[in-house]
Every structure is written in C-alpha cells, then in structure tokens.
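Here's a quick briefing to read alongside the model.

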Amino acid sequence: MTFALAIGLLLVALKRARSVYAYLSGIVAGVSLYSYLGARVCVLSLIVYLFMEGSIRRERTILRHGIAFATGLSLVVLPLLCYYVAHPKVYAVRSDELSVFNSADWAAIVAGNIWRHALMFFIRGGVYARDNYPGLPMLDPLTAFVFVGGLVAALRRIRGTERLLLTTLLINFTGGLFSISQEGAPYVYRTAAVIIPVFAIVGLGLQQVLAQTAKFLTSGQSKVAAWSALLIVIALNFYLYFGLEPKNTAAMRVMAYEPHMLGLEIAQDDLPVFVIGRDIFDPLEARAPVGKEYAAANPPLILPPEIRKLATITFSGRYDLARTLTQNFQPPRRIYFVEPQALASDVGPKLRPVKMIFRPNREIEAALRTNDPQARIREIQNIRGETIFTIATLGNPPLSHRPQSASQGYAARVSDDGNDT
Amino acid sequence: MVDRFSLARGNRPVGLLWFERSGEATVDSPRKFFAVPFLIVLFTAGFFRFYKIFELPLGPSADEIFTLNNTIALLNQPFDLFGHTPLFVEGWVETAHLYLYFNLLVVKLFGVGYWTMKLFSVLPGILSCGLMFFICRWIVGERIAFWAALIFATAHWPVRVSRYGWDVSFML
C-alpha cells in the first residue's frame, strides 16, 4: 500500500511538476520503512530513480522533486535512524542471517539466483508453500505475455515514467538476488515489491497489445476481444488460487494449520469447550514426506506449544479485550484445557451442553459413547482426508445423569465463566 | 498519444535509450475522478481477498501469529505514539510500533480473532488495487488503467500476498 502510494505520488509530482507531491511521496516512503524489512529496498529504488532522473534530465524541477522527497523521507525516518545509530547491531540482524555473502561461493549463488528469478514469472515460481503453490509461475500465461510486451515497449521508449518503473523493478529484485535460505530461489516474498512495477508494466503492455490489435480489428471487435481476454485472465487466476490452494499440502506443514482449525472450530458457537490432552498442540506432521516434490523446501514449522495455545485462543473469538493477555491466557473464557484422566472417572459431563475436542482417541470416544449415547461425534479432517481432531458435542443430560454434587468430576468444578468453584 | 504506440526506434540500440533526455509521456492528465471503475476495482479486489478467507490459505504463518500477539500486547499499554522505541521486537520479525498501531486500530474496531488478523493484510491489499488504478491512470489513461487494475486485483500473486502477507501487504 505504501510503496504503491509513494510511486503514485511521485508520478503525480512528475506529471504536474508539483514538488509537494514528491514531498508527500517521501513521507509515505518513510512510513513504509516501519513495516516489512524489504521496504528499505523500495525506498532505495525511489532514491536511485530520482538521482538518475536528475542526472539524465538536468532540470531544476527534478532537483526540486528530489529535495522535497528527501525532506519528507528524512522527517519520517529520523526516529528509526536515531534508533539504528544507537543500536547499530539491530540494523542488520535479519539481513545478516540471509546474506548471500556469508557463503564462500557467493558469486555462483548470485548467478543462480538471477537465473531463477528471471524464470519466476513464466516457468517456475516460488517453491515455499506459504508464498505460492510450489513451483507455480507468479504470472498466468496471458498476463506474462502482456508483461513482456510492456517490458519491450518500456525499453524501446524510455521516458521518466518508464525509467521509474524499470528502476523500481530492477532494484527490488536485489532482496532476492543477494539472499539465501533453505527453500531456494526464487524468493518471491523478498521480491514482493516488484509486484507494483510489474503490474504497471502490464498496463503498458495492454496499451501496446490494444494498439497492435487496432490495426486489424474494428473498435467493437477490439473491445470484445479485450473483455474476453480479461475475463479469461480473471477466471484463470481464480483457479490458480482458489482451485490449487486447497491442494497445497505443503502449506499445512509450514503454516499453523492445526491451531487455525482448532480455533475456528471453537469459534463456531458459544458452547463451553473442553480441549483434551497435551498432544492437541503437537503437530501431526513433524517431518516432510520423503520423495514428495519440494518437500525439502518446505520443512515443518514447529511452533512452541504455548504459541499454538495462544493462537488457538485468539482465533476462537473468545479473547476478551477487557482483560489482559495473561488473564485471557489462563483461563480463557469457557475454554478448558484438561487431561484425559480428568474426564476418565465420569465422562458424562456436568457442564452441559458442551463440546469436547481431542486428537483421534478410541478410548475417549468409546467412553463418551457409553456415558452419553446421544453424543454427536464427528471428525475434522485435513486436506489429505486424515482425521486431525475428534469433536464430541454433548447436549443437555437426562435428569438421571445430572450431577448431585460439585465433586463428581473436573467439569463440575468449573463454573461457567471458567473459574474453579 | 499516438506516438506512444509506435515501436519503431530507428537504428539506436535499446540500452542507450535509458539515458535519453526525454520528458514526460504525452498522456493527458486525468481530469476527473471516475468513481464507478474505481469502485468496481475495489469490489473485485475485496471479493478475491475475502472469499473463503477462513479456509484459504490453509492457516496463518508464524509471523502473522506473532504480529497479532504483539498487537494484543500493545493493547494493554497506554496509547503513546511517541513514547516507544521504533521497533517493538528486534531481530527476526522486526515489527515496528507504527505498524502495530495500524493493527491496533483494526483490533479496536473488530475485536481479536482470525478474521481480524487477516484484515491486517487484506485491507492494505484492497487499497493497493485502488492505488494501482491510480498509478496506471497517469501512465496509460483511464480505460487501460481499469483493465490493468482488474488484472492486479485478481492475479494470484498479489492475492496471495494480501491474504497472508502481514506487514509486506502494508509495504506494497
């Protein structure tokens, strides 16, 4: 959002010759530095562009734009800059970890990275399942074709605008080209900022394609063809995300799939929930399956159990803003984390209606069925069809099963607001 | 306007054109703001970013969870935009306080939940589509800008980034 806005404002500054827009662009670019680390490269690309444009055109207007941009940027970035001056080690913690220059054969790695990033639009995209359906090109074939058309047009007719797009495109690749991590290039996340110039260049490409088709099609035919192509692109991209992503099994490993499913199940209703067993926060898939494509690029991300627990609580929709984080964490509202033993003595629970969630466990399931034949038991399956959780919903108990005293089991000792009574 | 469609550049090598001292392109400045195409772009972007948001992507990334937790932690502190160090967490996920205050606004409006955590990325993602329309209007004019922005709003790459991207979506 901030990078697009900074480019947009800079464009307006160039077109209208008004430096106030360059000043605003600098402010927005400065704000972007308070987000993702890669914003440093975005800002650098804009500075390089202004410097280059000033050197090439040698016009006072560009110089004014450059000064205005630098002023806006400096104002916003000053606190961050002071902080980095006071804590120099903090500045490069993450970039040092990922730097390609940590490796002895960095030149070969950079050469490989350049090649793989060049292919990412058309042949083989990012392979890390969080960022992409592994291997899927980052552009659909039609958009990629138009992008190439736009790129050629921009190179053949370079003005200030085209220079801006090409500079930001090239420089924002550096985050990917000079880094290395286990999934291997292309690093589509670290080069995400190229999205803005890429699709602006697609706009240039569309202009070229329409100009070419206008030579042999009438205006009406041209419009029909353009709209048809656009609808095909939209449908294709709909499939590339909503059709492929549900099959992205590697994403289950690299993302917090199970806490997400658990939290959303709890959020389904307002029933008290018993989450049973410590193993509920152990990921089912602790290793990448051998022989699967891109398995090595997508090792499981094992989050600490307390983070999984906190994620489950926050996703459950039962986080109470009036309470502190610690208060919400222990105990959360109407969510009870218990061991199976606490229910074993008398599974016919006292707090009704209630929902119980546990890892597939025949003993608990059998005990629940014996004590409450009316219990509704169902399974939550992952996208491979494997059962990851069992859900038992117990309705209101028959009169004969209602607790006589508060000592009949764990559940009876827990009041409705989650506090032991 | 017409000369922009021409691909002919004589015998000059393409690379040297980079340093040509040419001014701005001759596309007319868009004079008035067309609300209808802009709203269509935002609506399409919203559909592609909200549709099945609880199911896809298959879960949150670790960084999204940490960002939500950091935002919640900030919730219990008094509001003081200038009373913090710029970075909330140093190192791996170098979350900045300014970004967390943006998230805090979302949390205040929508509460804490999976949906809210996704809004941290989805809202800037939708706005980026509107901005793409705005950028392309200045480069290629209103009509083609509309098509380019629609492609951007629906392309799977930006859609992915908007649906899981936490601070990268804010940056874009």
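Chain A of this predicted model has an open sheet of five strands in the order β2-β1-β3-β5-β4, with mixed pairing. Helices and strands here are DSSP runs (H or I of at least four residues for helices, E of at least two for strands), numbered from the N terminus, and two strands pair if DSSP finds at least two bridges between them. β2 (335–338) and β4 (376–381) of chain A sit at the edges with a single partner strand each, so one side of each has no neighbour in the sheet. From one strand to the next, the twist averages 20°.

**Strand pairs in the chain A sheet**

- β3 (residues 354–358) and β5 (residues 387–394) of chain A run antiparallel and are joined by five bridges.
- Within that pairing, A:Ile357 is found opposite A:Ile391 of β5(A).
- β4(A) and β5(A) are antiparallel too, with six bridges joining them.
- A:Gln381 has A:Thr387 in β5(A) as its bridge partner.

- Helix α18 (residues 362–371) of chain A lies across β1, β3, β4 and β5 of chain A, at about 160° to β3(A).

**Where chain A meets chain B**

- Chain A brings 112 residues to the contact and chain B brings 89 residues.
- About 9,600 Å² is buried between the two chains, 71% of it from carbon and sulfur atoms; buried area is the accessible area (1.4 Å probe) that two parts lose on being put together, summed over both.
- A:Met1, A:Arg156 and A:Tyr241 supply 9% of what chain A buries against chain B, more than any other three residues.
- Two salt bridges are counted between the chains, a salt bridge being a side-chain nitrogen of Lys or Arg within 4 Å of a carboxyl oxygen of Asp or Glu.
- B:Arg160 and A:Glu245 meet through their side chains in a salt bridge, at 2.6 Å from N to O.
- Helix α11 (residues 195–213) of chain A gives 13 residues, the largest share of the side of chain A that touches chain B.
- That side of chain A splits into 76 nonpolar, 20 polar and 16 charged residues; Ala, Val, Leu, Ile, Met, Phe, Trp, Tyr, Cys and Pro count as nonpolar, Asp, Glu, Lys and Arg as charged, and the others, Gly among them, as polar.

- A:Ala185 to A:Pro186 is a cis peptide bond, omega near 0°, and A:Pro186 lies in the loop between α10 (174–177) and α11 of chain A.
- B:Leu56 to B:Pro57 is cis, with omega near 0°; B:Pro57 belongs to the loop between α1 (35–50) and α2 (62–75) of chain B.
- A:Ala17 isn't a glycine, yet has a positive phi of about 55°, in the loop between α1 (2–16) and α2 (19–32) of chain A.

**Ground rules**

- Residues are numbered from 1 along each chain as its sequence is written, while chains are lettered from A and ligands numbered from 1 in the order in which they are written.
- Local features need pLDDT of at least 70 and side-chain atom pairs count only at pLDDT 80 or more, while totals for chains, interfaces and linings use all residues; side-chain values use heavy atoms, leaving out hydrogens and water.

Methods: Contact means heavy atoms within 4.5 Å. Axes are lines fitted to C-alpha atoms, for helices over the stretch in contact, and angles run from 0 to 180 degrees between N-to-C directions.
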